[in-house]
Amino acid sequence: MIIKNWSFYKKIFVGMILAAFIPMLLGYLALIQVFNMTYENNLEQEAKTAIHSVCSSLEVGMESIYEAIDALSHNQAILDMLRSDDEQNDFLAYRELYAISSAYGDYANFCVYDTEGTLQTSVVQNDYVKDKLPLDWSVLYESAREPEKVIVRNARIYRGEEKEEFLRVAQAVCDGEGEIQGFIVAVVSNAHFDYALKGSGIENTKSSSQAASADTGAPVSNSKNESEEKSMQKTMKIE
C-alpha cells in the first residue's frame, strides 16, 4: 500500500490533518442541522401567527356583518317598507340601509329583498347584487325555513370562462307575529375579504382587481320606481 511507503513524519502529518478535519466536519454538519431546525421552527411560528391574524381579521369582519344584518332585520323602517307601497316608507328604509352601509359597507354590500325574492333597495349596484334571488334553493330558501338564524351560503359568478366565488349572508325580516315580510342579504365579495384581511397583512390579490372592477361603489337605490330613486339620492346628497 502507498501508506506503507510513507515516512514516519508524513504519517504523523496526515494523521494530524485528519484529526483536525473530522471534528470540524462533524461540527459543520451539526451546525447545519441546528440551523435547519431553527429555520423550520421560525417558519412554523410565522405560519401560526399569520393564521391567527387571518382568523382574527375574518372574525371581526363576520361579526360586523352579523351586527349589521341584525340591526337591519329588526329595523322598523325596513319592516314598514316591506309591508306597504308608501314612498315615504321606502325613503326612510333607504336612509336606514344607507346608514348601516356607511358603517359596515367595507365588509359587505347590504340589500333588502321581499318575500318573492325581488330586490327592493340597495345602496350599491354591481354584478353580485341580483334583481331576483330564487326561493326554492340557496340562501333565501334556508332563511325562510329558519327565520331566526343568520344563513351563510356560497355563490358564484361567471366572467367568461372564469368563475368567482363569493358569499351571501341572509336573515329573514319578521313582523311582531313572526310572519316573514322579507329578507336582509349581505353580499361578501373578494374585495370585502381583502379589506377584512388588511389588518393581518395578507391580501387576496388574485381576484380583488376583478371584484373591484365589478363593484361600481356608487350609492344607488333599487327601490320601487325610478322617480323615487332619484328623489332619495338627491336628498342623501343634500344631507
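In this predicted model, helix 1 (residues 8–73) packs against helix 3 with the axes 10 Å apart and an angle of about 170° between them. That angle makes helix 1 roughly antiparallel to helix 3, because angles over 145 degrees count as roughly antiparallel. Two packed helices are described by the angle between their axes and the distance between the axes.

Which residues in helix 1 and helix 3 meet? Helix 1 brings S64, E67, A68, A71 and L72. Helix 3 answers with E96, L97, I100 and Y104.

Now to the aromatic rings. A search of the whole structure finds four aromatic pairs. One of them joins Y94 and Y98, a tilted pair with 6.0 Å centre to centre and 45° between the planes. A pair of aromatic rings is described by the distance of the centres and the angle of the planes. Both Y94 and Y98 lie in helix 3 (residues 87–104). They sit four residues apart, about one turn of the helix.

Is Y94 buried or exposed? Y94 is buried, at a relative accessible area of 1%. Y98 is partly exposed, with a relative accessible area of 26%. The cut-off explains the two labels: buried means under 20%, and exposed means over 50%, so a value in between counts as partly exposed.

A further pair is formed by Y128 and F166. Their ring centres are 5.0 Å apart and their planes stand at 75°, so this pair is edge-to-face. The label follows because planes over 60 degrees apart count as edge-to-face.

Where do Y128 and F166 lie? Y128 is in the loop between strand 2 (119–122) and helix 4 (138–145). F166 is in strand 4 (residues 162–174). The pair therefore ties together parts that are 38 residues apart in sequence. Both partners are on the buried side of the cut-off. Y128 is buried, with a relative accessible area of 1%. F166 counts as buried too, at 3% relative accessibility.

The last stop is helix 5 (residues 190–197), where H192 is found. H192 is buried, with a relative accessible area of 6%. What is H192 in contact with, leaving aside its neighbours within four places in sequence? The partners of H192 are G105, D106, Y107, A108, N109 and V187.

Technical notes:
Residues are numbered from 1 along each chain as its sequence is written. This is a predicted model: local features need pLDDT of at least 70, side-chain atom pairs count only at pLDDT 80 or more; totals for chains, interfaces and linings use all residues. Side-chain values use heavy atoms; hydrogens and water are left out. Rings of Phe, Tyr and Trp (its six-membered ring) pair if their centres lie within 6.5 Å; planes under 30 degrees apart count as stacked, over 60 as edge-to-face and the rest as tilted. Helices (H or I, at least four residues) and strands (E, at least two) are DSSP runs, numbered from the N terminus. Buried means under 20% relative accessible area, exposed over 50%, partly exposed in between (1.4 Å probe, protein chains only). Axes are lines fitted to C-alpha atoms, for helices over the stretch in contact, and angles run from 0 to 180 degrees between N-to-C directions. Angles under 35 degrees count as roughly parallel, over 145 as roughly antiparallel, 65 to 115 as roughly perpendicular and the rest as oblique. Contact means heavy atoms within 4.5 Å.
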